[in-house]
Amino acid sequence: KKSQPAMAAPHSSSFHETTPPSGVMVRNLTEEAQILAAQAASSAMGWGTLPVRGPSSTSTAAAAAADAAPEEAAPAAYLAAFTHHSASLQQNGTPLHASFVSHAPASILCPECGTRMPPNPSNLCAKCIRNRVDITEGIQKACTVLWCKQCDRYHSPPRAWIHAELESKELLTFLVKKVKGIKGKVKLTDASFVWTEPHSRRIKIKLTVQKEVLNGGTILQQSFLVEFVVEPHMCMECARITANPEQWIGCVQARQRAEHRRTFLFLEQLILKHAADENVIGVRKKADGLDFYFSHRSHSLKFVDFLGSVVPIRHRADRQLVSQDFSDNTFRYKYTFFTELVPVCKDDLVCLPRKLSNKAHGGIGPVLLCTRVGTA
């Protein structure tokens with residue numbers, strides 16, 4: 001029987017429209033599919049259209065095979081074309097394997113779960129490594145912090161008390177330092193707060209750490225939560241004030257002997273503006289001014305220096321022995337600092353003595369008007 005030519009492949013991005021070989025007998029759809037697949041592979045490899053038979057055939061052996069056995073003509077023809085293409089690559093100096101190298105990334109199977117993954121030094125997927133190694137082991141997950149309700153400060157052992165707002169950088173640094181097991185064992189890469197109810201007395205932070213595992217060939221990163229329980233605890237200063245308000249160490253007595261005391265009112269505004277009263281534990285009103293109480297002598301001296309920097313004053317210091325211990329030769333004193341403001345206020349009319357007016361500023365008049373009260 002005379003053979004019928006096969007249908008040409010449709011034109012697309014993967015298949016090129018070609019004329020089928022004249023000596024190929026297509027008996028069923030399987031052989032036709034093999035021919036189309038071979039033509040597509042030829043185009044993808046950059047060989048162009050591969051003829052099976054004719055004057056431009058690449059191999060006479062393929063043409064002979066097509067005449068002898070039509071059903072085996074297509075495989076023999078393309079085998080001959082492949083041999084000819086390999087020989088031409090070797091003649092041009094191109095290695096044979098260079099034209100068949102796949103550029104797809106290499107991948108392996110995890111020996112434990114069988115997940116396909118890129119190769120790594122441990123040859124395990126991230127999930128299996130995390131199940132096998134726990135880098136957070138030995139790190140404290142629950143801590144307790146002491147908080148003074150009176151002054152809103154947190155206890156930093158052994159004796160310090162620090163002030164920090166909720167979800168602030170200062171509080172986050174303080175909490176991270178309290179977690180044991182991080183320093184020297186893992187590398188801390190991130191830390192953040194996790195929202196909790198304000199009345200729950202709980203503070204949660206999320207930490208992210210890294211560590212080399214499996215003989216240092218793999219770096220594993222893991223995140224976990226640390227919960228802090230806030231326990232109310234009164235500090236020593238607040239406990240002393242609450243138990244006995246008279247247990248102060250330093251007292252600054254600010255006085256101004258004038259009828260209207262406008263300078264003293266101006267001083268109160270400066271104290272609030274510069275937050276000079278942050279260490280004051282008590283204030284009492286007196287006849288000519290105010291008494292400021294402090295828990296430390298240094299706080300009293302700092303307040304006196306502030307008063308002298310904003311208004312003209314004169315001061316003196318006294319101390320009173322409260323108790324003493326002869327066994328270790330220790331004494332406990334109470335310190336009192338008396339400060340008196342200048343009695344002159346703004347818009348006051350000042351009359352100077354004649355001798356003083358002649359000496360002051362080259363002989364100014366004895367009657368003056370005060371326009372400003374300050375230290376400069």
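Salt bridges and a surface patch

Glu340 and Arg314 meet through their side chains in a salt bridge, 3.2 Å from N to O (a salt bridge being a side-chain nitrogen of Lys or Arg within 4 Å of a carboxyl oxygen of Asp or Glu). Glu340 lies in strand β13 and Arg314 in strand β12 (residues 313-325), so the pair ties together parts that are 26 residues apart in sequence. Helices (H or I, at least four residues) and strands (E, at least two) are DSSP runs, numbered from the N terminus. The model is predicted: local features need pLDDT of at least 70 and side-chain atom pairs count only at pLDDT 80 or more, while totals for chains, interfaces and linings use all residues. Residues are numbered from 1 along each chain as its sequence is written, and side-chain values use heavy atoms, with hydrogens and water left out.

Glu340 also forms a salt bridge with Arg257, where the closest N and O atoms are 3.6 Å apart. Arg257 sits in the loop between β9 and α7 (262-273), 83 residues from Glu340. Glu340 is buried, at 14% relative accessible area, Arg257 is partly exposed at 47%, and Arg314 is exposed at 59%; buried means under 20%, exposed over 50%, and partly exposed in between (1.4 Å probe, protein chains only). Arg257, Asp288, Arg314 and Glu340 are linked in a network of salt bridges.

The whole structure holds eight salt bridges. Among them is the one between Asp291 and Arg255, at 2.9 Å from N to O. Asp291 belongs to strand β11 (residues 289-294) and Arg255 to strand β9 (residues 250-255), so this pair ties together parts 36 residues apart in sequence. Both Asp291 and Arg255 are buried.
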